[in-house]
Amino acid sequence: MNSPLPKPTFADYLHLHFLVLIWGFTAILGKLINPQLSRISLTFFRTLLAAVGLAVVLWLWKEWKRVPANDRWAMLGVGAIMGLHWLTFFGSAHVSSASVCLAGMSTTSLFTSLLEPLFARRRVRPLEILLSLLVIVGLYLIFRFEVDQSLGLGLALVSAFLAALFTIANSRFVRRHNALLITFYEMNGATIAMLIGLAGVAFTSGLTAQEVIPQSADWLWLIILAFVCTVYAYSAGVHLLRKVSPFTLNLTINLEPVYGMALAYFILNERMTAGFYAGSVVILLAVIVYPMLNSRFAK
């Protein structure tokens, strides 16, 4: 019989919101890093440093365990999808505002709810269709008032779709393997994919040293991206699951775009149109309401 979770304290909930704030800061970091650095190079160094950091964490926590070859290859493949997710994510933040990027990324959980039935071979629930239509209304409002940033929003939607794909894959891996070990292999897969992409771009169109090698100031942001936003935040999130339920964790993570947009407002001085904020509120409302209604009607 499984023992009940220890009761979370107020400090645990504060810690969880702090982690979500860190994840919301990711798009801001993408804007702070030198824009001349190619997004492929940025993603490559972020995943490489994160893989090294996760290796250290796994060694310190003595979490190294044998993973069957088929699962290793599958995790590396999912890691390549994760690398493309970050590439399009940083690309979105590069060509548009951080707020537009985060608004598009807020559709991840609803993409997941639509894609999961295809993999789980179950029927799509009417609630999911209804909330998906609500998200389309939100996206229409954003596109209508932010036409000049449509490329950034489009890239963010592709990034959200890719995030939904690897989330579904990870939900199956985590039944058999340690979450940090899964992430370690996926970071390696992402690093390999980005290295191949970087070599391909350099061979076909050529890249300057400034586009490939981060400048001295960029290393600080890259270290924060890799070790704080990935290794620390993910490790702490896994540990919090010993006290808070997955539902509580996922529901709180839905606030990431809210925190990110607030950070963009104060740090980057981003001012968006009223239509953008109206569309974002519609999307966030659908995302936050979904798990509540889903758990109620599933009973």
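**Ground rules.** I count residues from 1 along each chain as its sequence is written, and I leave hydrogens and water out of side-chain values, which use heavy atoms. Since the model is predicted, local features need pLDDT of at least 70 and side-chain atom pairs count only at pLDDT 80 or more, while totals for chains, interfaces and linings use all residues.

**Record.** I looked up UniProt, where an unreviewed entry lists "domain: EamA" at residues 19–143 and 151–289. Its positions are given in the numbering used here, with shortened feature names, and annotations may be inferred rather than shown by experiment. I then checked residues 19–143: 81% helix, 0% strand, with the end C-alpha atoms 30 Å apart. Helices (H or I, at least four residues) and strands (E, at least two) are DSSP runs, numbered from the N terminus.

**Helix 4 with helix 8.** I took helix 4 (residues 69–95) and helix 8 (residues 150–173): their axes come within 8 Å and cross at roughly 155 degrees. That makes the two roughly antiparallel; the cut-offs are under 35 degrees for roughly parallel, over 145 for roughly antiparallel, 65 to 115 for roughly perpendicular, and oblique for the rest. Axes here are lines fitted to C-alpha atoms, for helices over the stretch in contact, and angles run from 0 to 180 degrees between N-to-C directions. Nonpolar means Ala, Val, Leu, Ile, Met, Phe, Trp, Tyr, Cys and Pro; charged means Asp, Glu, Lys and Arg; the others, Gly among them, are polar.

**Serine 92.** I found serine 92 in helix 4, buried at 0% relative accessibility. Buried is under 20% relative accessible area, exposed over 50%, and partly exposed in between (1.4 Å probe, protein chains only). Leaving aside neighbours within four places in sequence, serine 92 is in contact (heavy atoms within 4.5 Å) with Cys101, Gly152, Leu153, Leu155 and Ala156.

**Helix 4 with helix 9.** Next I looked at helix 9 (residues 179–204), which packs with helix 4 at an angle of about 60 degrees, the axes 6 Å apart. That makes helix 4 oblique to helix 9. Residues making the contact include Arg72, Gly79 and Trp86 of helix 4 and Tyr185, Glu186 and Ala190 of helix 9. I get 14 nonpolar, 4 polar and 2 charged residues by class.

**Glycine 79.** Glycine 79 sits in helix 4 and is buried, with a relative accessible area of 0%. Not counting residues up to four places away in sequence, glycine 79 touches Glu186, Gly189 and Ala190.
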